[in-house]
Amino acid sequence: MALAIGLALGALIGVLLGLLGGGGSILAVPALVYGVGLGIEEAIPISLVVVATASAVGALPKIRARQVRWRMAGIFAAAGIPATILGSAISRHLPDSALLIGFAVVMVVAGVRMLVDQGNTGTACEVRAGQVNWRRCAPRSIGAGLVVGVLTGLFGVGGGFLIIPALVVVLGVEMSTAIGTSLLVIVANSLAGIFSHLHGVSVDWSLTAAFVAAAMAGSLVAGYFGTKVDTDRLQRWFAYLVFVVAAFVLVDTIFLR
């Protein structure tokens with residue numbers, strides 16, 4: 001029964017990934033906890049496997065199109081990987097209720113980011129005469145990488161809802177390149193988080209494989225048939241869904257447990 005539910009929820013999350021990009025994976029942890037019945041300590045590494053796989057698949061066309069800032073991705077990852085390991089260590093010492101409440105807060109932030117217009121562009125990493133001013137760009141990249149890494153380790157989220165605004169609004173990277181760069185950072189952080197969370201946690205690998213396979217299949221199908229979907233409207237409705245799920249997690253954790 002758990003396997004069948006995992007397949008259905010994995011496919012649903014995959015469809016959201018295919019239609020919206022990495023943001024769809026933020027529902028993986030609540031789906032695994034409330035839908036499949038896993039503990040959050042097991043749901044987080046499985047969620048990270050989904051995030052890493054989906055991001056790796058999404059990054060390939062961006063790499064081929066040369067829409068990646070490799071040095072910037074390296075700076076984010078260099079800061080994010082140790083921060084992810086730190087976040088994973090902190091996560092193991094927190095009660096489930098604290099993790100669920102924190103995750104609900106992260107979901108609210110992600111939902112708000114989906115509704116906010118991203119029209120502004122920063123200038124810290126603006127390319128002039130073919131050069132980037134790394135004296136201004138690197139410190140901001142390191143700071144953003146640290147924040148995203150800690151969140152990845154703590155809650156099993158990829159952090160694209162924070163990385164992309166940081167790249168575009170703060171650092172001045174154009175959107176198409178920011179998405180490709182963000183996907184590489186998410187892969188690196190997620191892999192670090194997976195290995196960190198596997199310490200002392202028993203993971204059902206058959207369920208994990210089924211969940212990931214269903215997510216990838218759903219993502220590919222949605223990506224193929226979703227070209228005619230109004231993604232702006234869909235993203236708004238998805239943000240509202242995220243708010244509802246976050247509210248449910250808070251009510252269940254605070255009042256019903």
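Predicted model: local features only at pLDDT ≥ 70, side-chain atom pairs only at ≥ 80, totals over all residues.
The protein chain contains ten helices and two strands. Read from the N terminus, these elements follow the order α-α-α-α-α-β-β-α-α-α-α-α. Of the 257 residues of the chain, 49% are classed as buried. Among contacts with a sequence separation of 6 or more, 82% involve residues 24 or more positions apart.

Two packed helices are described by the angle between their axes and the distance between the axes. On the α3 side, the contact is made by I44, P45, L48, V49, V51, A52, S55, A56, G58, A59, K62 and I63. These residues meet S176, I179, G180, L183, L184, I186, V187, S190, L191, G193, I194 and H197 of α8. By residue class, the contact of α3 with α8 comprises 16 nonpolar, seven polar and one charged.

In α7, the residues in contact are G160, I163, I164, L167 and V168; their partners in α8 are M175, A178, I179, T181, S182, V185 and I186. This contact of α7 with α8 consists of nine nonpolar and three polar residues, with no charged residue.

Residue I101 is located in helix α5 (residues 96-115). Its relative accessibility is 30%, and I101 is therefore classed as partly exposed. When neighbours within four places in sequence are set aside, I101 contacts L250, T253 and I254. I254 is 153 residues away from I101 along the chain, yet the C-alpha atoms of these two residues are separated by 8.2 Å. L250, T253 and I254 are the partners of I101, and helix α10 spans residues 231-256.

The model has three aromatic pairs. One of them joins F103 and F155 in an edge-to-face arrangement, with 6.4 Å from centre to centre and 65° between the planes. This pair connects distant parts of the chain, since F103 belongs to helix α5 and F155, 52 residues apart from it, to helix α6 (residues 134-155). Both partners fall under the 20% limit for burial: F103 is buried at a relative accessible area of 2%, and F155 is buried at 9%.

Another pair is formed by W237 and Y240, whose ring centres are 5.7 Å apart and whose planes stand at 90°, so this pair is also edge-to-face. Both residues lie in helix α10, three residues apart, or about one turn of the helix. W237 has a relative accessible area of 56% and is therefore exposed, while Y240, at 38%, counts as partly exposed. The F103 and F155 pair thus links α5 with α6, whereas W237 and Y240 both lie within α10.

Terms used:
Residues numbered from 1 in each chain as written. Heavy atoms only, no water. Contact = heavy atoms within 4.5 Å. Helix = DSSP H or I, 4+ residues; strand = E, 2+ residues; numbered from the N terminus. Nonpolar A, V, L, I, M, F, W, Y, C, P; charged D, E, K, R; others polar. Buried < 20%, exposed > 50% of the residue type's maximum accessible area, 1.4 Å probe, protein only. Phe/Tyr/Trp six-rings, centres within 6.5 Å; stacked < 30°, edge-to-face > 60°.
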